[in-house]
Protein chains: 2
Amino acid sequence: MGVRGEGVRREFLVVSSTATTTGGFSLKDLPGSAGRMDIVCRCVNSAFFLSHDIRRDTRLWLLLLGEPNPPILIRFEGSELRYLSPDERSAASLISKALGRQNITEHEILSTPGVYIRKGDMKDVLEGCGDGTDIIYLVETGEWIREIEMGDKLIFVLGDHMGLGEEYERLLADACARNVSVGQKSLHVDHCMIVVHNELDIRRTLSKAKLSPVPRNSVSQDLKVEI
Amino acid sequence: MGVRGEGVRREFLVVSSTATTTGGFSLKDLPGSAGRMDIVCRCVNSAFFLSHDIRRDTRLWLLLLGEPNPPILIRFEGSELRYLSPDERSAASLISKALGRQNITEHEILSTPGVYIRKGDMKDVLEGCGDGTDIIYLVETGEWIREIEMGDKLIFVLGDHMGLGEEYERLLADACARNVSVGQKSLHVDHCMIVVHNELDIRRTLSKAKLSPVPRNSVSQDLKVEI
């Protein structure tokens with residue numbers, strides 16, 4: 001890849017408090033044998049899959065905090081991905097292969113096309129974000145996503161079913177992250193990502209049609225834009 | 001359960017053109033061995049899972065058209081479901097158990113709690129919808145979901161990656177279904193369902209706060225409603 005961030009418009013950072021940090025886990029029992037690796041795998045699906053296409057402008061960071069070797073960062077790069085199918089086992093197989101690499105250090109290495117691994121934590125991801133990147137922490141109590149302005153370069157940070165915890169939340173506050181919500185109901189992290197993608201897709205459509213980035217009632221009908 | 005429809009506010013009918021209609025398929029290879037059963041399983045997840053909760057007001061119909069015994073209808077009833085976890089294998093296991101039942105006829109039988117099976121087709125589902133049910137066919141070229149009025153009883157009909165085909169589309173048109181879109185991008189069927197749930201959740205929140213059912217910019221901030 002070129003300079004980090006080139007062509008990337010959407011980043012997600014998913015923190016899994018329990019997902020295992022060693023390879024060779026059982027693909028037959030992702031929830032039980034690998035610390036809710038099933039959740040992580042569904043996030044890979046949500047980040048990248050369109051019907052008959054891949055979201056090439058998207059990057060996904062997985063921060064895995066389970067035993068025996070935390071913290072581990074795995075980076076999925078939409079523009080380079082191959083060998084990924086939508087099912088959980090497919091993502092699990094790529095993650096297992098990455099975790100099975102020898103000598104995982106703070107120097108990032110390529111595991112399979114579009115999949116990179118290193119030792120690293122949330123601060124490494126945040127520090128690597130370019131100037132002008134909007135850092136958005138998705139949490140039920142935040143501002144409603146449909147009503148906020150967002151820039152062109154975005155990173156969305158999401159915790160799993162256990163939540164992020166105070167330390168990470170303080171780190172995000174220090175990095176001037178904004179708290180944003182997709183709705184009042186508490187959703188699975190992979191479902192939140194779908195809602196975020198949809199909101200950004202809608203905004204891009206409206207923006208191309210030179211309409212307000214924040215959708216309003218009847219705008220598209222009035223102007224015969226098929227959303 | 002009581003009268004059909006009691007307590008149910010959201011129904012989904014997912015048509016799988018290829019998913020197998022016999023039990024005993026391999027849980028290790030859902031995409032390959034069972035006619036894209038993986039897609040069907042992700043729809044079960046999308047229909048029902050909230051973080052730490054189940055959507056009890058939701059019903060999911062799966063219409064399976066693969067060999068050797070199509071058409072088969074499987075009904076998942078949110079208010080009665082047990083033994084369902086979010087991972088694909090869990091849904092696959094319940095579906096395999098239902099398909100493995102002896103003597104599947106047009107008379108619906110209970111397989112496991114909240115999971116029913118019968119021989120049947122789309123017309124059976126549509127005919128069983130109560131008066132005043134809005135039938136909504138989700139398709140890219142439809143009206144934008146954020147801008148339409150919807151009633152209290154809704155059934156959303158979705159095709160898989162192969163599309164519905166002319167015959168089913170004609171049946172839907174005859175039933176006065178409305179064509180509705182969640183956005184211009186072509187999404188996986190399970191992802192569409194997430195966007196639909198989110199839209200309905202938002203509307204319910206706004207409606208409880210006695211705000212317009214069609215969200216407008218700044219409404220919630222002005223009135224200090226946490227969406």
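A residue is called buried here if its relative accessible area is under 20%, exposed if over 50%, and partly exposed in between, with a 1.4 Å probe and protein chains only. By that rule, buried residues make up 57% of the 227 residues in chain A. This is a predicted model, in which local features need pLDDT of at least 70 and side-chain atom pairs count only at pLDDT 80 or more, while totals for chains, interfaces and linings use all residues. Residues are numbered from 1 along each chain as its sequence is written, chains are lettered from A and ligands numbered from 1 in the order in which they are written, and side-chain values use heavy atoms, with hydrogens and water left out.

Chain A has 7 helices and 10 strands; helices (H or I, at least four residues) and strands (E, at least two) are DSSP runs, numbered from the N terminus. The chain exposes about 9,500 Å², and carbon and sulfur atoms supply 47% of that area; accessible areas come from the Shrake-Rupley method with a 1.4 Å probe, and for residues only the protein chains shown count as cover. Contact means heavy atoms within 4.5 Å. Among the contacts in chain A with a separation of 6 or more, 66% are between residues 24 or more positions apart.

The sheet of chain A comes next. Strands of a sheet pair through backbone hydrogen bonds, either parallel or antiparallel. Two strands are taken as paired if DSSP finds at least two bridges between them. In chain A, 8 strands form an open sheet in the order β6-β7-β5-β4-β1-β9-β8-β10, and the pairing is mixed. Its edge strands are β6 (109-112) and β10 (178-181) of chain A, each of which pairs on one side only. The twist averages 30° from one strand to the next; angles run from 0 to 180 degrees between N-to-C directions, and axes are lines fitted to C-alpha atoms, for helices over the stretch in contact.

Within this sheet, strand β1 (residues 10-16) of chain A runs parallel to strand β4 (residues 58-64) of chain A, and 7 bridges join them. A:V14 has A:L62 in β4(A) as its bridge partner. Helix α5 (residues 166-174) of chain A packs on the sheet, where it touches β1, β4, β8 (134-144) and β9 (154-159) of chain A; the direction of α5 makes about 120° with that of β8(A).

Strand β5 (residues 72-77) of chain A runs antiparallel to β7(A) and is joined to it by 5 bridges, with A:I74 opposite A:I117. β6(A) is also antiparallel to β7(A), through 3 bridges, and A:I109 stands opposite A:I117. The hairpin of β6(A) and β7(A) has 2 residues between the strands, and A:G114 takes a positive phi near 85° in it.

Two helices of chain A also meet. The axes of helix α2 (residues 37-48) and helix α3 (residues 88-99) of chain A come within 8 Å and cross at roughly 105°. α2(A) and α3(A) are therefore roughly perpendicular to each other; angles under 35 degrees count as roughly parallel, over 145 as roughly antiparallel, 65 to 115 as roughly perpendicular and the rest as oblique. From α2(A), A:M37, A:D38, A:V40, A:C41, A:R42 and A:V44 meet A:E88, A:A91, A:A92, A:I95 and A:L99 of α3(A). The residues of this contact divide into 8 nonpolar, no polar and 3 charged. In these classes, Ala, Val, Leu, Ile, Met, Phe, Trp, Tyr, Cys and Pro count as nonpolar, Asp, Glu, Lys and Arg as charged, and the others, Gly among them, as polar.

Chain B has an open sheet of 8 strands with mixed pairing, in the order β6-β7-β5-β4-β1-β9-β8-β10. Strands β8 (residues 134-144) and β9 (residues 154-159) of chain B pair in the parallel sense over 4 bridges, and B:I135 stands opposite B:I155 in β9(B). α6(B) packs on the sheet and touches β1 (10-16), β4 (58-64), β8 and β9 of chain B; the direction of α6(B) makes about 170° with that of β1(B).

Helix α6 also links the two chains. The axes of α6 (residues 189-208) of chain A and α6 (residues 189-208) of chain B come within 9 Å and cross at roughly 80°, and the two helices are therefore roughly perpendicular to each other. A:H191, A:I194, A:V195 and A:N198 meet B:H191, B:I194, B:V195 and B:N198.
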